[in-house]
Amino acid sequence: MDPFTFGLVFVGATGGALIGIALLDKSGIAINGSIVSFVMEVVKYGGILYLMKELSKIFL
């Protein structure tokens with residue numbers, strides 16, 4: 001997957017997940033905000049590492 005497509009998919013998936021969490025919160029289900037923040041940070045750093053791996057293929 002090229003970096004541009006990866007970025008589009010990653011932003012779309014993150015936005016969709018946050019909309020889903022907001023809808024669950026409005027329906028009355030208790031959402032642990034600190035766990036959501038932790039998971040989003042882990043996913044972000046994983047995405048950055050994956051993108052760096054893909055970009056390193058260009059220069060090696």
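At what angle do helix α1 and helix α2 pack, and how far apart are their axes? In this predicted model, helix α1 covers residues 3-26 and helix α2 covers residues 33-59. Their packing angle is about 170 degrees, and the axes lie 11 Å apart. Because angles over 145 degrees count as roughly antiparallel, α1 is roughly antiparallel to α2.

**Where the helices meet**
- From α1, the residues in contact are Pro 3, Phe 6, Phe 10, Thr 14, Leu 18 and Ile 21.
- Their partners in α2 are Val 36, Met 40, Val 43, Lys 44, Gly 47, Tyr 50, Leu 51 and Leu 55.
- Sorted by class, this contact has 11 nonpolar, two polar and one charged residues.

**A closer look at α1**
- The 24 residues of α1 should span 34 Å at 1.5 Å a residue, and this agrees with its end C-alpha atoms being 35 Å apart.
- After α1 comes Gly 28, which has a positive phi near 110 degrees.

- Side chains of opposite charge can pair when their charged atoms come close.
- The count here is two salt bridges.
- Lys 44 pairs with Glu 41 in a salt bridge, with the closest N and O atoms 3.2 Å apart.
- Both Lys 44 and Glu 41 sit in helix α2, three residues apart, or about one turn of the helix.
- Lys 44 is partly exposed at 34% relative accessible area, and Glu 41 is partly exposed at 35%.
- Glu 54 forms a salt bridge with Lys 57, where the closest N and O atoms are 3.4 Å apart.
- Glu 54 is buried, with a relative accessible area of 15%, whereas Lys 57 is exposed at 54%.

Conventions
Residues numbered from 1 in each chain as written. Predicted model: local features only at pLDDT ≥ 70, side-chain atom pairs only at ≥ 80, totals over all residues. Heavy atoms only, no water. Axes fitted to C-alpha atoms, helices over the stretch in contact; angles between N-to-C directions. Helix = DSSP H or I, 4+ residues; strand = E, 2+ residues; numbered from the N terminus. Parallel < 35°, antiparallel > 145°, perpendicular 65-115°, else oblique. Contact = heavy atoms within 4.5 Å. Nonpolar A, V, L, I, M, F, W, Y, C, P; charged D, E, K, R; others polar. Expected span 1.5 Å × (residues − 1). Salt bridge = Lys/Arg side-chain N within 4 Å of Asp/Glu carboxyl O. Buried < 20%, exposed > 50% of the residue type's maximum accessible area, 1.4 Å probe, protein only.
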